[in-house]
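Biologist: I would like to learn how to read a structure feature by feature. Where do we start?

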Amino acid sequence: MTDLSAVRFDSMAPSALPALATPRQPGVPLTAWARAHAESVREQLRRYGAVLFRGFDEGADALRPVVEAVGGAGALSYRDGATPRSELDDGVYSSTEYPADQTIEMHNEACYSWSWPRILGFACAWPAQSGGQTPLADSRKVLCRLPTELLARLERHGVRYIRNYTPGVGIPWQEALGCGESGLDAYAERARLRLERVSDDHLRTEALRPAVARHPDTGEWVWFNQATSFHLSTLGEELAAELVGQIGPDRVPKTSRAGDGTEFTGAELASIRAAFAAETSSFDWQLGDVLIVDNLLTAHGRAPFAGKREIRVAMAAAANWQEVASRPTAVTFPQVGTDTHLQGDRQ
């Protein structure tokens, strides 16, 4: 029951994500099988970018142990979060708690941070009545679809992520950063970002990160950033305009720019979203599904849904920007502190 051959790997559809893994007979213990054959799962991930385990008796309860087996280490805590989640169990979280009618754009998890998980896991504890898919896109193929001029600009300058923490808007900074007032300087140094106390009730952080990374195992270059999903325009034109009108452009909870500080044009954002759309595939969740994703190779999102939906999330295998090759090769701040002059590597 735990032999490698006890699980069959197939393609859900030609050139579509994810790969599908199913038991050849009832009763195959997914957790034990994954622990015994973690390297085989990693091989599938390097090839496809994502693997969906379906039809196993353990169901969603297998999420954390399978993620830890594939990641080779314990589950990670959700830190430096840009979206609201709830911790359901030790190392297991709710998926992003945005209203059901909203779309969550395609993105690679936490790549705006200095450190991020290499392995993601999702498990279906309750499928939506309709919708609620977790679409997937191959980050290698997305990279190849981007306009040459835009790609060259972001390979040179990277992406700048700007977050404003003000009362009543977005996640409180204490929750997002995981520290109090006395820990801010240490956080800024550890997270490799610039922190600015704009006023008594306004904290701003700016992080400069590469736009493109090289997968440490496959050697392939991937599109690995949240230029679009972090940008204010992800709210939609009407809601974004309403938010800016209410609080002003300098207090929006989060947005992105090119690393040199210039704004993205509408055409640039549209071309990135078109590249994702051309490479995105979806599947309908079934009760007990466990999806394992290579965070570098595969971007994910969320479709709107109706009815109750419970998708659980776990993460493992922490990595950081110093551990992977990237273009540009270095994106740093000249110093950490309250100096608001920001500078990227212009090589």
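Modeller: Start with a loop. P18 lies in the loop between β1 (7–11) and β2 (19–23). Bear in mind that this is a predicted model.

Biologist: What kind of peptide bond joins L17 and P18?

Modeller: Read omega. The bond between L17 and P18 is cis, with omega at about -5°.

Biologist: Where is A317 placed?

Modeller: A317 is in strand β20 (residues 310–320). Phi of A317 is near 65°, again positive in a residue that is not glycine.

Biologist: Is A317 buried or exposed?

Modeller: Buried means under 20% relative accessible area. A317 has 17%, so A317 counts as buried.

Biologist: On to sheets. What is the strand order in the open sheet of 4 strands?

Modeller: The order is β6-β18-β9-β16, and the pairing is antiparallel. To find the edges, look for strands that pair on one side only. Here they are β6 (104–107) and β16 (280–281).

Biologist: How many bridges hold the pairing of β6 and β18?

Modeller: β6 pairs with β18 (residues 298–302) over 2 bridges, in the antiparallel sense. For a residue-level view, take H107: its bridge partner in β18 is H300.

Biologist: What about the open sheet of 3 strands?

Modeller: Its order is β14-β13-β21, with antiparallel pairing. β14 (221–223) and β21 (326–327) stand at the edges. Each has a single partner strand, so one side of each has no neighbour in the sheet. β13 (residues 212–214) pairs with β21 over 2 bridges, antiparallel. A213 stands opposite S326 in β21.

Biologist: Now side chains. How many aromatic pairs does a search of the whole structure find?

Modeller: The search gives 11 aromatic pairs. One of them joins F53 and F56, at 6.0 Å centre to centre with 65° between the planes. Planes over 60 degrees apart count as edge-to-face, so F53 and F56 form an edge-to-face pair. Both F53 and F56 are buried.

Biologist: Which residues form a cluster through ring pairs?

Modeller: Ring pairs link F9, W33, F53 and F56 into a cluster.

Biologist: Rings can also meet charges. What lies over the face of Y78?

Modeller: R85 does, at 4.6 Å from the ring centre. Another case is K254: its charged end sits over the ring of F230, 5.0 Å from the centre.

Biologist: Last topic: empty space. How is it found?

Modeller: A probe the size of a water molecule is rolled over the atoms to show where empty space is left.

Biologist: How many cavities of 30 Å³ or more does the structure hold?

Modeller: The structure holds 1 such cavity. The largest cavity has a volume of about 80 Å³.

Biologist: Which residues line the largest cavity?

Modeller: The lining consists of D80, Y112, S113, Y161, R163, Y165, L177, Y187, L193, T205, A207 and R209. The elements that give two or more residues to this lining are β10 (159–165) and β12 (202–209).

Biologist: What is the make-up of the lining by class?

Modeller: The lining has 7 nonpolar, 2 polar and 3 charged residues. Among the lining residues, D80, R163 and R209 are charged.

Terms used:
Residues numbered from 1 in each chain as written. Predicted model: local features only at pLDDT ≥ 70, side-chain atom pairs only at ≥ 80, totals over all residues. Heavy atoms only, no water. Phe/Tyr/Trp six-rings, centres within 6.5 Å; stacked < 30°, edge-to-face > 60°. Buried < 20%, exposed > 50% of the residue type's maximum accessible area, 1.4 Å probe, protein only. Lys NZ or Arg CZ within 6 Å of the ring centre and 35° of its normal. 1 Å grid on protein atoms, 1.4 Å probe; cavity = no way out; pocket = protein on both sides within 12 Å on 5 of 7 lines; lining within 4 Å. Points joined across faces, edges and corners; volume = space filled by probe spheres on them. Pairing = 2+ DSSP bridges.
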